[in-house]
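Trainee: I would like a close look at one part of this model, the surroundings of the ligand. Which residues come nearest to the ligand?

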Amino acid sequence: MTSSAPDAPEVYPPSAEFAATANAGPELQAEADRDRLAFWDAQARRLDWATPWTEVLDWSDAPVAKWFVGGRLNVAFNCIDRHVLAGNGDRVAIHFEGEPGDSRDITYSELLAEVSRAANTFTDLGLVAGDRVAIYMPMIPEAIVTMLACARLGLTHSVVFAGFSATALRQRIDDAQAKLVVTVDGQWRRGQAAPLKPAVDEALAGETGDPGASSVQNVMIVKRTGADVDITDGRDLWWHDTVAKASAEHQAQPFDAEHPLFILYTSGTTGKPKGIIHTSGGYLTQASYTHHNVFDHKPGRDVYWCTADIGWVTGHSYIVYGPLSNGVTQVVYEGTPNSPDEHRHFQIIEKYGVTIYYTAPTLVRTFMKWGRGIPDAHDLSSIRLLGSVGEPINPEAWRWFRDVIGGGGVPIVDTWWQTETGAIMISPLPGITAAKPGSAMAPLPGISAKIVDDDAHELGAGGSGYLVLDQPWPSMLRGIWGDMDRYRDTYWSRYAEEGWYFAGDGAKYDEDGALWVLGRVDDVMNVSGHRISTSEVESALVGHPAIAEAAVVGAADETTGQGIVAFVILCEGMENTGELLVSELRTQVSTEISPIAKPRQITVVPELPKTRSGKIMRRLLRDVAEGRDLGDTSTLVDPKVFDAIRGH
Ligand code: WTA
């Protein structure tokens, strides 16, 4: 069946064969409906605990939850040691595929040895449970080893995407007061060795306009590309001189279920990123439960591949913690999908016999653009389940994904969740849900969500409004690092009386009650599945001496979901140098934030449309950016400003 078939079915139920062996059957929902907390109690027992809990949920300090109160466990022990102890030490945990073509298999026993060495080294550096460690690394096994070594020692890691700039890194190091940074000499990107360590040096030297001592005591460097690096004596250490020589014996100690496991920064509606805090027991319970049921993962049989980067939450929950807790065998790929050419992902699927492939809609649309001749040149018949995350997947891409990559017959799980939710919340269950292309379908068993209007009225079939989570869940965020007021304000003030979590997404139910996530309702853009706030980009733009004011909107983009479009006003007396200015501004955003935040289009305008109360009317700018007719402009101070904007 092709996507253009006029009789393409509305719903895609799983095959009888898939349903017969699926991990999740209808009883899962029935159990959760019977007693939600007893259900989570049972899910938590999938893990190994050193001390059992006395209470499943303590919500008395809402909106700060305590799950599995009094329970103690070691997250790394659950992800590694217990598999080795169960006799699966020789199972491959990671099939690593480097961008230049090097590859390496790492078994659970080897992973245990490597994580133990790193844990011993970090201990020798004087780090103790509760200290923060910044991880600024590409997708290489040592990045995963570092995360697990931190988990093992109760060190709270903060992974900073290796595509972020020195400025962004410094901001995150300072906010968390990290004592150690783990990085690499350089990373492979599109066939080139790109240096990374200089960005750490720049961040720590404070040459980025934010001088002053940093909290960092040591920098650990993994040699990846062989690039020359400057070494600061007494601060910088090579991994191969320290970790590689340390003892491979390490006894993991248990930590409280609420011990902070990691901080992960994400964009909010203001310029300052939020350090989302996740803890241990509840987080691992839900990451593990969802990985097992949503991906129907069968340890020892499946070869799983999640194409995310550990710099994002998907990498945390569905490369590191969820999959490894379930004893996965997974592919970890370092590079981009078109290095050395567009066949790369399909060659990897073929080489390892990948059975579960979890990726983002933007990549599916890119594959579509490259044409089906590329995947068709490969044997992809090992694939038995596909997953999507990061943004709504349009039905056309959904059908193409299923037909071309999935061979026409496999389930697709469209998983809705957020950095803040820690794990998947809304998704089909592959063995029971008759999925609709483009719909995330329904909350998972144990999860409760509603679609409501401004007045907190719950909407039914056909209704469209705001997505809220009306019951606490185990992997929920526990706060924003250093700013609990912002935590309450951002997520819990909108429906304070009801005590609901405001997700920031619009959603609707169709006539059959299937849930469709429609996208952000706040000033957060979604570019290739990356969250970028409009004000973050605006403040980078006004950092340029020529710019007085900037307004940024996300405009629909065929491939990336949204593209960043900026409107800027020049300072008095500044000249519009055209292309030169635009390229300077793009560089400015790149160095302030990251290349992923570079505007697709920058237009110099004489004025910005503002309401009488002085708010920039982004909705109207989006209309302009998307080439639509303007709606109601009556609230503008000067509706004529649009003629001026359009004229440019
Ligand atoms: C969007 C990524 C529609 C949504 C795990 C959410 C989605 C934001 C989906 C979180 C999906 C994620 N369908 N929209 N399946 N998955 N989103 O924090 O707007 O990087 O609020 O977490 O991505 O992005 P984040």
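Mentor: Domain bounds, as used here, come from an automatic or database domain assignment. That assignment gives domain 1 (448–521) and domain 2 (528–646), and their centres, taken over C-alpha atoms, are separated by 29 Å. The model is predicted: local features need pLDDT of at least 70 and side-chain atom pairs count only at pLDDT 80 or more, while totals for chains, interfaces and linings use all residues. Residues are numbered from 1 along each chain as its sequence is written, and side-chain values use heavy atoms, with hydrogens and water left out.

Now the ligand. A residue is near a molecule or strand if one of its heavy atoms lies within 4 Å of it. There are 17 residues around the ligand, and those that come nearest are D414, T419, D505, R520 and R531. The shell divides into 6 nonpolar, 6 polar and 5 charged residues. In this count, Ala, Val, Leu, Ile, Met, Phe, Trp, Tyr, Cys and Pro are nonpolar, Asp, Glu, Lys and Arg are charged, and the others, Gly among them, are polar. Helix 10 (313–325), strand 20 (412–415) and strand 25 (515–520) each supply at least two residues of that shell. Helices (H or I, at least four residues) and strands (E, at least two) are DSSP runs, numbered from the N terminus.

Three side chains can be described by distance. An N or O atom in the side chain of D414 lies 2.7 Å from a nitrogen atom of the ligand. For D505, a side-chain N or O atom is 2.5 Å from an oxygen atom of the ligand. The side chain of R531 has an N or O atom 2.7 Å from a ligand oxygen. The ligand taken alone exposes 530 Å², of which the protein buries 96%. Accessible areas come from the Shrake-Rupley method with a 1.4 Å probe; for residues, only the protein chains shown count as cover.

The backbone oxygen of R531 is 3.1 Å from a polar atom of the S267 side chain, and the side chain of S267 makes a polar contact with that of E536 (2.8 Å). A polar contact is a pair of N or O atoms within 3.5 Å; within protein, one must be able to donate a hydrogen and the other to accept it, and residues adjacent in sequence count only if both atoms are side-chain atoms. S267 sits in the loop between strand 14 (260–266) and strand 15 (274–279). S267 counts as buried because its relative accessibility is 8%, where buried means under 20% relative accessible area, exposed over 50% and partly exposed in between (1.4 Å probe, protein chains only).

As for the whole, the protein has 19 helices and 30 strands, and 61% of its 648 residues count as buried. Its C-alpha atoms fill a box of roughly 75 × 65 × 55 Å along the principal axes.
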